[in-house]
Amino acid sequence: MSTEHRRITRKRAAVLGAVALLLLTGGAAATSAAADSPRHVREAALTGTAMIDRAKGDEITFTFDAHLPFADRQDPGKARGTIRFSHYVEELNWGGAGEAKVDCLMTGGKVATVSAVVTRADDDLKDTIGKRVGLTVHDRGKQDGFGYSWAMVGLPSALPDDMPKCVGGAPFEKTRRGSGTFHVAPLDHRP
């Protein structure tokens with residue numbers, strides 16, 4: 001092997017060694033930083049708009065904007081946000097719309113349960129003002145699952161006045177295809 005060839009080989013080895021050292025130390029630093037940070041840094045959230053899959057003429061729409069910061073993960077009652085809703089039944093000439101203030105949000109995987117107190121409602125839903133409602137969403141992608149706390153009593157106005165926070169029904173209904181979608185951003189509530 002010529003002297004020139006050995007010199008080039010040594011240079012290549014030195015360069016490759018330096019690159020390997022940089023990769024190793026950079027990877028170790030990244031691994032150390034990841035180990036020092038919490039697993040989920042973002043907030044838990046339930047967002048999106050969709051209609052419930054009902055027969056034409058029975059139009060139900062929900063819009064969620066509920067959030068729980070990572071710092072409050074041990075207290076789901078510190079959630080904030082709003083839920084907007086409308087329900088109109090054409091055949092009965094019945095319906096109304098309203099808004100509720102979020103007071104609890106819990107997530108687990110792609111499922112979220114949220115509760116909120118109705119602050120505004122009109123027409124046939126006026127008697128829901130002041131009621132706490134609970135809703136559960138299963139974020140399945142194209143057609144989400146949906147449940148609500150008043151399923152066994154008929155209407156939210158029939159819910160008890162002492163309805164607890166974060167209590168919703170199993171997601172026994174589903175959203176109407178093409179009407180929108182709900183998004184659950186999970187957050188680990190464990191310490």
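A salt bridge is a side-chain nitrogen of Lys or Arg within 4 Å of a carboxyl oxygen of Asp or Glu. Keep that in mind as you click around this predicted model, where local features need pLDDT of at least 70, side-chain atom pairs count only at pLDDT 80 or more, and totals for chains, interfaces and linings use all residues. Residues are numbered from 1 along each chain as its sequence is written, and side-chain values use heavy atoms, with hydrogens and water left out.

**Stop one: a charged network**

Select Arg54, Asp58 and Glu173: salt bridges link them in a network. A search of the whole structure turns up eight salt bridges. Now zoom in on glutamate 173 and arginine 54, whose closest N and O atoms are 2.8 Å apart. Glutamate 173 sits in strand 8 (residues 173–174) and arginine 54 in the loop between strand 1 (44–51) and strand 2 (58–68), so this pair ties together parts that are 119 residues apart in sequence. Strands here are DSSP runs of E with at least two residues, numbered from the N terminus.

Is glutamate 173 buried or exposed? It counts as buried, at 11% relative accessibility, while arginine 54 is partly exposed at 25%. (Buried means under 20% relative accessible area, exposed over 50%, and partly exposed in between, using a 1.4 Å probe and protein chains only.)

Next, pick arginine 176 and glutamate 59, which form a salt bridge at 3.0 Å, N to O. Arginine 176 is in the loop between strand 8 and strand 9 (181–185) and glutamate 59 is in strand 2, so the pair ties together parts 117 residues apart in sequence.

Then hop to arginine 84 and glutamate 99, with a salt bridge of 3.1 Å, N to O. Arginine 84 lies in strand 3 (residues 80–89) and glutamate 99 in strand 4 (residues 94–108), so the parts tied together here are 15 residues apart in sequence. Arginine 84 is partly exposed, with a relative accessible area of 40%.

Select residues 145–148, which make up strand 7. Which way do the residues point? Gly145 and Gly147 go one way, Phe146 and Tyr148 the other, and all are buried.

Strands pair if DSSP finds at least two bridges between them. Strand 6 (residues 132–138) runs antiparallel to strand 7, joined by four bridges, and valine 137 has phenylalanine 146 as its bridge partner. In the hairpin of these strands, with six residues between them, click glycine 141: its phi is positive, near 100°.

Strand 7 also runs antiparallel to strand 8, joined by two bridges. Finish at phenylalanine 146, which stands opposite glutamate 173 in strand 8.
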